[in-house]
Amino acid sequence: MILRSRAPVRISFAGGGTDVSPYTEEHGGCVVSATINKYAWGSLELREDPEIHLKDSHIPLTKFRSLEDLEYGGPLDLLAAVVKNMHSGRNGVNLVLRGDIPPRSGLGSSAAAFVSLIGLFSHMRRENRMTDYDIAEYAFDLEREELGNKGGRQDQYASVFGGLNYIEFRGDDFVRVNPLRIKKDYILELEKNLLLVHVMKRSKSGDIISDQVNRYVEKKKSVVDALNSVKSLAEETHRALRKGDLNRFGELLHEGWVEKKKFSPLMSNEFIDKTYDIARKHGALGGKILGAGGGGHMIFYCESGREEDVADKLTEAGAAVRSFSFDMHGLQTWEV
């Protein structure tokens, strides 16, 4: 028997940064996000011998004689972390990971990968399987604590639960996922008018997050005020979406981006600013960088009927528009 899984990546509309410690412990945070139809795909099969075979996209198959031989320090650390912490017994495993989105995309692809693989091992238990909240929190622990990749909690919870959500954080491991109750017409119109755009390769997100956290810990007023503003804007974005006020949603994206750029000077650069200005000039009501910043993907909400004009101008400027639709299912596992 082979187990399969898929977990979606996410686009974050508002509140990013307020889910990162120590802000979330001291003030509480919230984000508004949606998952999209780009996935981390996993496959798991038990072996008859104790060997561990790991395969990731564009990385050759790597074989280990046993679980005890797994070590960190290579390109397969993500897979190794899941196997080391979730597998036991005499049998080895074949574990394969494939991603529709490469790392450093700003879409939470590493969190989706952890969620997808943890989902496989949870499914294999048959009895006493992990809850959705347990999977999301364990994905956070492995990525942030075990491997030391800095960041918040929003990516893992978005990937597990799927759909459009308002997610609240109140420090430590308190998280509440609130599905957005929005008319189908509003969701379809939102999807139609959004543009997902790849702007450039991003450096390590941890560098930007570390800079943001250090500035917050030093109580730099501009950063503290910006985080507070981003939190308030996330709450207003939640209300705008529930009411179907999509033009206001677009304006709030813009207001949020103005504040987000205050987190760190590494957040943006000349090409990102140029891309943003072109989009706004040709019909985007607002937009923002996705993830930690510095590159990867941007999202724009366009005036209805002008999204094609914006897409054409951004393509001419050297950006790449990516088609997508919302994923409403989150983590999925099955057997073949």
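**Loop residues, aromatic contacts and enclosed spaces**

Glu 68 is placed in the loop between strand S4 (59-64) and helix H2 (77-86). In this predicted model, Glu 68 has a relative accessible area of 66% and is therefore exposed, since the term applies to values over 50%. Glu 51 is 17 residues away from Glu 68 along the chain, and the C-alpha atoms of the two residues are separated by 9.9 Å.

Arg 126, although not a glycine, has a positive phi of about 65 degrees. The residue belongs to the loop between helix H3 (109-125) and H4. With a relative accessibility of 46%, Arg 126 counts as partly exposed. Lys 219 is likewise not a glycine and has a positive phi, of about 60 degrees. Its place is the loop between H7 and H8. Lys 219 is partly exposed, at 46% relative accessibility. The charged end of Lys 219 sits over the ring of Tyr 216, at 4.1 Å from the ring centre. A contact of this kind also involves Arg 153, whose charged end sits over the ring of Phe 140, 3.8 Å from its centre.

The backbone also contains a cis peptide bond, which joins Ser 21 and Pro 22 and has an omega of about 5 degrees. Pro 22 is found in the loop between S1 and helix H1 (23-27).

Contacts between aromatic rings were considered next. Nine aromatic pairs are found in a search of the whole structure. A pair of this kind is described by the distance of the ring centres and the angle of the planes. For Phe 249 and Tyr 301, the ring centres are 5.6 Å apart and the planes stand at 90 degrees, so the pair is edge-to-face; the cut-off for this class is an angle over 60 degrees. Phe 249 is part of helix H9 (residues 246-260), while Tyr 301 is part of strand S10 (residues 296-302), so the pair ties together parts that are 52 residues apart in sequence. Phe 249 has a relative accessibility of 0% and counts as buried. Tyr 301, at 2%, also counts as buried. Both values meet the requirement for buried residues, which is under 20%. Together with Phe 13, Phe 249 and Tyr 301 form one aromatic cluster.

Two cavities of 30 Å³ or more are counted. The largest cavity holds about 90 Å³ of space. Its lining consists of 13 residues, of which Ala 14, Gly 15, Val 230, Gly 256 and Lys 288 are the closest to the centre. Strand S1 (3-14), helix H8 (221-243) and H9 each give two or more residues to this lining. The largest share, five residues, comes from H9, the helix that also holds Phe 249. By class, the lining of the largest cavity has eight nonpolar, three polar and two charged residues. Domain 1 (2-181) and domain 2 (184-322) both give residues to the lining, so the largest cavity lies between them.

The second largest cavity holds about 40 Å³ of space. Its lining is made up of Gly 17, Val 20, Ser 21, Pro 22, Tyr 23, Gln 212, Val 213, Tyr 216 and Leu 227. H7 gives the most to the lining, with three residues. Six of the lining residues are nonpolar and three are polar, with no charged residues. Because domain 1 (2-181) and domain 2 (184-322) both give residues to the lining, the second largest cavity lies between them.

Among the open spaces, the second largest pocket has a volume of about 180 Å³. This pocket is lined by 14 residues, and Val 20, Ser 21, Phe 140, Lys 150 and Gly 151 are the closest to its centre. Helix H4 (132-146) and helix H7 (205-217) are the elements that give two or more residues to its lining. The lining of the second largest pocket has four nonpolar, five polar and five charged residues. Domain 1 (2-181) and domain 2 (184-322) both contribute residues to the lining, so this pocket lies between the two domains.

Note on methods: Residues are numbered from 1 along each chain as its sequence is written. This is a predicted model: local features need pLDDT of at least 70, side-chain atom pairs count only at pLDDT 80 or more; totals for chains, interfaces and linings use all residues. Side-chain values use heavy atoms; hydrogens and water are left out. Rings of Phe, Tyr and Trp (its six-membered ring) pair if their centres lie within 6.5 Å; planes under 30 degrees apart count as stacked, over 60 as edge-to-face and the rest as tilted. Helices (H or I, at least four residues) and strands (E, at least two) are DSSP runs, numbered from the N terminus. Buried means under 20% relative accessible area, exposed over 50%, partly exposed in between (1.4 Å probe, protein chains only). A charge sits over a ring if NZ of Lys or CZ of Arg is within 6 Å of the ring centre and within 35 degrees of the ring normal. On a 1 Å grid over the protein atoms alone, a cavity is a set of points where a 1.4 Å probe fits but cannot get out, and a pocket is an open set with protein on both sides within 12 Å along at least five of seven lines; lining residues have an atom within 4 Å of a point. Grid points are joined across faces, edges and corners, and a volume is the space filled by probe spheres set on the points. Ala, Val, Leu, Ile, Met, Phe, Trp, Tyr, Cys and Pro count as nonpolar, Asp, Glu, Lys and Arg as charged, and the others, Gly among them, as polar. Domain bounds come from an automatic or database domain assignment.
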